[in-house]
Amino acid sequence: MVDQFHLPSSVLFNYKDIDREHQNLIDILNRIYGAFGEDNEIRSLDVKAKVAELENAMAVHFGHEEQEMLDTGFPGLAAHRTHHAAALAKVVAIVTSVQSRQSVKRAVVTALFEPLLEELFRQDVKFKRFLDERNP
């Protein structure tokens, strides 16, 4: 189980605000983690409120990232938009899955967010490679 989420150096873009926005998403996840008490449990309503912040930040970031893809002529834009929509749907599903409970264990949140984060990084690498090839 992770203690905190980190932005791997392998997914740093060094392009405009993308890294800063990615770090903001990681910071929000870590604030969610920071809300857990010593018993590694948090009220479901608190998780829902904190995840809403993440969902909003993801939507803003995805809009910016997609605009950069459009501006640079990234050929994978349509597929990446679909990926972004699916990621936001997963966040909504996470909220739905926890809101029926009184409280949520930290391990549950980890199990829900770790795969989502890994998938986001995996998909973003395609755009990163495209940018790297354009500007060696």
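Modeller: Before we start, residues are numbered from 1 along each chain as its sequence is written, and side-chain values use heavy atoms, with hydrogens and water left out. Since this is a predicted model, local features need pLDDT of at least 70 and side-chain atom pairs count only at pLDDT 80 or more, while totals for chains, interfaces and linings use all residues.

Colleague: What radius of gyration does the chain have?

Modeller: The C-alpha atoms fill a box of roughly 50 × 25 × 20 Å along the principal axes. The radius is taken over C-alpha atoms, and the globule rule is 2.2 Å times the number of residues to the power 0.38. For 136 residues a compact globule would come out near 14 Å, and the chain agrees with that at 16 Å.

Colleague: What share of its contacts links residues 24 or more positions apart?

Modeller: Contact means heavy atoms within 4.5 Å. Taking the contacts with a separation of 6 or more, the share from residues 24 or more positions apart is 77%.

Colleague: On to helix α1. How far apart are its end C-alpha atoms?

Modeller: Helix α1 runs over residues 18-34. The expected span of a helix is 1.5 Å times one less than its number of residues. With 17 residues, α1 should span 24 Å, and the distance between its end C-alpha atoms agrees: 24 Å.

Colleague: Which helices are included in what covers the buried residues of α1?

Modeller: Buried means under 20% relative accessible area, exposed over 50%, and partly exposed in between (1.4 Å probe, protein chains only). In α1 the buried residues include Ile-18, Leu-25, Ile-28 and Tyr-33. Their cover includes α2 and α4.

Colleague: Where does Lys-16, with its positive phi, lie?

Modeller: Most residues other than glycine have a negative phi. Lys-16 is not a glycine, yet its phi is positive at about 45 degrees. With 58% relative accessibility it counts as exposed. Lys-16 is placed in the segment before α1.

Colleague: What about Asn-40: which loop holds it?

Modeller: Asn-40 also has a positive phi, near 55 degrees. At 33% relative accessibility, Asn-40 counts as partly exposed. It lies in the loop between α1 and β1 (41-43).

Colleague: Last one. How far apart in space are Pro-115 and Leu-70?

Modeller: Pro-115 belongs to helix α4 (residues 106-134) and is partly exposed at 45% relative accessibility. In sequence, Pro-115 and Leu-70 are 45 residues apart. In space, C-alpha to C-alpha, the distance is 27 Å.

Definitions and conventions: Helix = DSSP H or I, 4+ residues; strand = E, 2+ residues; numbered from the N terminus.
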